[in-house]
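Please study the sequence and the structure below before reading on.

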Amino acid sequence: MQKIHDHARTVMGNGGSHGFDHVERVTSLCERIGRAEGADMAILVPAALLHDIARPLEKECGLPHEQEGARMAEEYLNSLGYDAGAVRIIAAAIRTHRFTTAAEPESLEARILSDADKLDALGAVGIARTFMRAGEHRTTMQDGINHFHEKLLKLPDRMYTKTARQIAAKRHAILLRFLLLMEDEIRVPVP
């Protein structure tokens, strides 16, 4: 696992709203949810570590990171001699983890990865990542707030596992409280 961790860190780098710190948080959430839900950690942890490995390519070339990441993960894990059956399940999990992906995650491990990735967009971390993302895209605070309404507030209803739904409920409440405060503070008083 350390080799996989180090490889993903090297390929991805550290910075940004989808940097390696995001991958580490998603991996930690996968471990927490995976233990509670009875997942195969030999599939789940590599999938989590490698799920965003193609983010730099998506940013650079426009390749869908979930598709290219699945291909890259397969190639890398095969080069390590990782179990071929596990590699197929890992690649499928990476291919279906994204919020905008139409394909449904099939394995328990794929559902947990999808949940964990969405959970990192909720709560206090999700708030911070939203405004990091707005800065990266050179947009406004209002665009960040719009992102809450367009995507983040919908995430709790998209969780697959019981454990993730419980975590999401707590983090969703943080988002709602923040939005109330933020919208109150930026409201322009009428003279």
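## Gly69 and its surroundings

Gly69 touches Ile53, Ala54 and Ile94, where residues up to four places away in sequence are not counted and contact means heavy atoms within 4.5 Å. The model is predicted, so local features need pLDDT of at least 70 and side-chain atom pairs count only at pLDDT 80 or more, while totals for chains, interfaces and linings use all residues. Residues are numbered from 1 along each chain as its sequence is written, and side-chain values use heavy atoms, with hydrogens and water left out.

Gly69 lies in helix α5; helices are DSSP runs (H or I, at least four residues), numbered from the N terminus. At 0% relative accessibility, Gly69 counts as buried, a term for under 20% relative accessible area (1.4 Å probe, protein chains only). Gly69 and Ala54 are 15 residues apart in sequence, yet their C-alpha atoms are 4.7 Å apart in space.

## Helix α6

The buried residues of α6 are Ala86, Val87, Ile90, Ala91, Ala93 and Ile94. Seen down the axis of α6, these residues fall within an arc of 160 degrees, so they line one face of the helix; the arc is that of the directions from the helix axis to the C-beta atoms. The table lists the helices against which they pack.

| Helix | Residues |
|---|---|
| α3 | 41-50 |
| α5 | 65-79 |
| α7 | 108-119 |

Key: Buried means under 20% relative accessible area, exposed over 50%, partly exposed in between (1.4 Å probe, protein chains only). Helices (H or I, at least four residues) and strands (E, at least two) are DSSP runs, numbered from the N terminus.
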